[in-house]
Amino acid sequence: MVNKVNYKRFLIISLGVSIIIFTSGLLLGIGLDNTKVNELVYNIDQNEISTESYSVEKEFLNVFGGDKCILSDPRVKELSGEIEKIGRLLNKYESTNIFEQSEFDYLKRKYFLLETKAYSLFYSLKKECSYNYTTILFFYDINDDNSIRQGYVLDALVNLNPRTHILSFDRLFEEDPTLETVRIHYNITKAPTLIINDRIKMENLINLEDLMKLTNEENY
Amino acid sequence: MKEILLWISSFFTLVISIFWIQVLFTKNEKSKETGKFPKVSILIPAYNEEKNISKTIESVLKLNYPKNKIEIIVIDDSSTDKTAQIAEKFKNVKVIYNKHNGPGKASALNAGLKHVSGDFFAVVDADSEIEKDSLKNIMGYFDDKKTGAVISSIKIKNPKNVYQHIQRLEYILSTFMRKLMSKIDTLHITPGVLSVYKSALIKKLGGFDENNITEDLEIALRLRINNYSVKISPDSITYTKVPSNFKELWNQRIRWFRGFIYNHLKYKKMFMNRKYGLTGIFQMPLNVITFFMVILLFFLISYELLARMYEFIFKAILLKNNLFIIYLDFPTIKELVLNIDLKLIFPFIITFFLSVYLLNKAHKSMNEKILFNPSLLIYFTVYPILRMMHWIVAFYKEIRNTKRKW
């Protein structure tokens, strides 16, 4: 039989063991969070180098002559895919609060700069080499339902048409002047807003069918 | 907010699981072979049980207990079938008639109680069968003067369909929990399959509450509030029939859960009251916290499901025929691992393994095997949702004070 003394002891042991288990979970979670952050930072750095490498290569060919379009289409696709992946991770981790705000702002800034650089590169390659891919700038607001839904539509579009490159920007991010310049350039006032191939501006949520129609027309 | 609530419920579940595991490792209280066979009156309340009554009486007649120390009383509770005629065919079986409108087990038991001549009386449901040593094994527990009632270990014989297989699991787990509760002396139910009471004590306490739809819970709580124990005899095996379809199961559970709420309110005086030992300071608060946690989880899960459904509809509208293309982006194993929220998942994993351990122990304690059939999966996935719904409906009906019925 369990008497009152045993009962108290049992309860204290249960509480103690539970606290140990929860603390272990917390510590393991923090460890995993650190791994996530390191992985993300590494990915951003890698892609920064890749973009830089493209730009330098392009500049070299500009100065010394040669076929600029030798920068192959698949490499652009690869870079675009990586950038999209980083964007998705940044958004996911932002909602789980694994970053300190300053750390997160810094990573976001780096990411948006990387995107802006990639955007310029994609645009010039498309123009100079007549590549028929579609580049879409996607301006979103965090925790905005329509922005989240527009994200699904863009994910589906990339899956259906791999020659689409999506570069997403937090419309309200104010830590970087370059992003401010992009916002002013396209007169972005609400989210979601899409800029397709620098020419078409779509405000408000747009469904997949309409978006596909637009991108198809754009490439003809 | 959602995460905090999940954390709290997961912490609570973990603490309680570890508590019961410790109780599990304490010594069992054994039944003492006293060599005495006090007279026991066996009450069998029956309402339209013509299909089952014979088997029940036969199993009682086969009891390994001196025949002159057993009195069998069948209480025909205004049946409209041949229950009484069948019972009357048995020698040494007294049939009494309880005339009233509609079934009500407590009233039948009180009618039977008036005819009881034994120092003890047992209640055996008319759809139950009892093993021959079950009564003998129970009686040893009455050596302790503070024991007011002793219950048996209930099993389901040959479950046929998925509903019965789910209930088989449920009975294994609930009997296991009753054994643990008995160890810390907080057991507070005397199910009708086979429970034995002290006759004089129950008469002194006023018999069964006729306005109660779960008289087995009420009488046990009344024993408790009067500082009497309820014990379980693990070696007393009994078999019961259980609902075989959704409607029957639903009605039974609503009645049980309404009875739970009603009786916990009726005996609210016991809450956190040291006078009633661990039943007051531990078991009843635990019952109530568990009840509110079930309600909370129900709303959390419902909210999550509705939100996901709403989003799914939106996706379907936006993506039309290409809806499933967004689900084709399978993550790599590395991404999958990195996506895990260990802070939340880790305690869940531990709790899951503890539950599996307790499930295994529960089966072993009943000499049953874990059956790896679809019911096991349903029991741990769909059935908890159904149970939550039982609680919500029972709670709603109690708040609305709708008529309690059998």
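Mentor: Please do, bearing in mind that this is a predicted model. Let us begin with a pair of helices: the axes of helix 1 of chain B and helix 12 of chain B come within 10 Å and cross at roughly 35°.

Trainee: What makes the crossing of helix 1 of chain B with helix 12 of chain B left-handed or right-handed?

Mentor: The crossing is left-handed. The term applies because the near helix is turned anticlockwise from the far one by less than a right angle.

Trainee: Which residues of helix 1 of chain B and helix 12 of chain B meet?

Mentor: From helix 1 of chain B the residues include Leu6(B), Trp7(B), Phe11(B), Leu14(B) and Ile21(B), and from helix 12 of chain B they include Leu344(B), Phe348(B), Ile350(B), Leu354(B) and Leu358(B). By class, this contact has 13 nonpolar, five polar and two charged residues.

Trainee: How is helix 1 of chain B placed against helix 10 of chain B?

Mentor: Their axes come within 11 Å and cross at roughly 145°, and helix 1 of chain B passes helix 10 of chain B in a left-handed crossing. Lys2(B), Leu5(B), Ser9(B), Phe12(B) and Ile16(B) make the contact from helix 1 of chain B, and among their partners in helix 10 of chain B are Leu286(B), Met293(B) and Leu300(B). The classes here are nine nonpolar, one polar and one charged.

Trainee: How many residues of chain B are in contact with chain A, and which elements of chain B contribute?

Mentor: There are 32 residues of chain B in contact with 33 residues of chain A. Helix 1 (2–24), helix 10 (277–319) and helix 12 (342–365) of chain B each give two or more residues to that side. Helix 1 of chain B gives the most, with seven residues. By class, the side of chain B that touches chain A has 21 nonpolar, three polar and eight charged residues.

Trainee: Why is Ile70(B) called partly exposed?

Mentor: Ile70(B) has 19 C-beta neighbours inside 10 Å. A residue is buried at 20 or more and exposed at 12 or fewer, so a count in between is called partly exposed. Ile70(B) therefore counts as partly exposed. Its place is in strand 2 (residues 70–76) of chain B, where Ile70(B) touches Val40(B), Ile42(B), Leu63(B) and Tyr65(B), not counting residues up to four places away in sequence.

Trainee: How do you know that the radius of gyration of chain B agrees with that of a compact globule?

Mentor: A compact globule with 406 residues would have a radius of gyration near 22 Å; chain B has 24 Å, so the value agrees. The C-alpha atoms of chain B fill a box of roughly 75 × 45 × 40 Å along the principal axes. Chain B has 14 helices and eight strands, and 38% of its residues are buried.

Trainee: What radius of gyration does chain A have, against that of a compact globule of 220 residues?

Mentor: Such a globule would have a radius of gyration near 17 Å, but chain A has 23 Å. The C-alpha trace of chain A spans about 90 × 40 × 30 Å along its principal axes. Its secondary structure comes to six helices and four strands, in the pattern α-α-α-β-α-β-α-β-β-α along the sequence. Buried residues make up 29% of chain A.

Trainee: What does the span test give for helix 4 of chain A?

Mentor: The 16 residues of helix 4 (residues 145–160) of chain A should span 22 Å at 1.5 Å a residue; the end C-alpha atoms are 23 Å apart, which agrees. Among the buried residues of helix 4 of chain A are Arg149(A), Val153(A), Asp155(A) and Leu157(A).

Terms used
Residues are numbered from 1 along each chain as its sequence is written. Chains are lettered from A and ligands numbered from 1 in the order in which they are written. This is a predicted model: local features need pLDDT of at least 70, side-chain atom pairs count only at pLDDT 80 or more; totals for chains, interfaces and linings use all residues. Two residues are in contact if their C-beta atoms, placed from the backbone, lie within 7 Å. Ala, Val, Leu, Ile, Met, Phe, Trp, Tyr, Cys and Pro count as nonpolar, Asp, Glu, Lys and Arg as charged, and the others, Gly among them, as polar. Axes are lines fitted to C-alpha atoms, for helices over the stretch in contact, and angles run from 0 to 180 degrees between N-to-C directions. The expected span of a helix is 1.5 Å times one less than its number of residues. The radius of gyration is taken over C-alpha atoms; the globule rule is 2.2 Å times the number of residues to the power 0.38.
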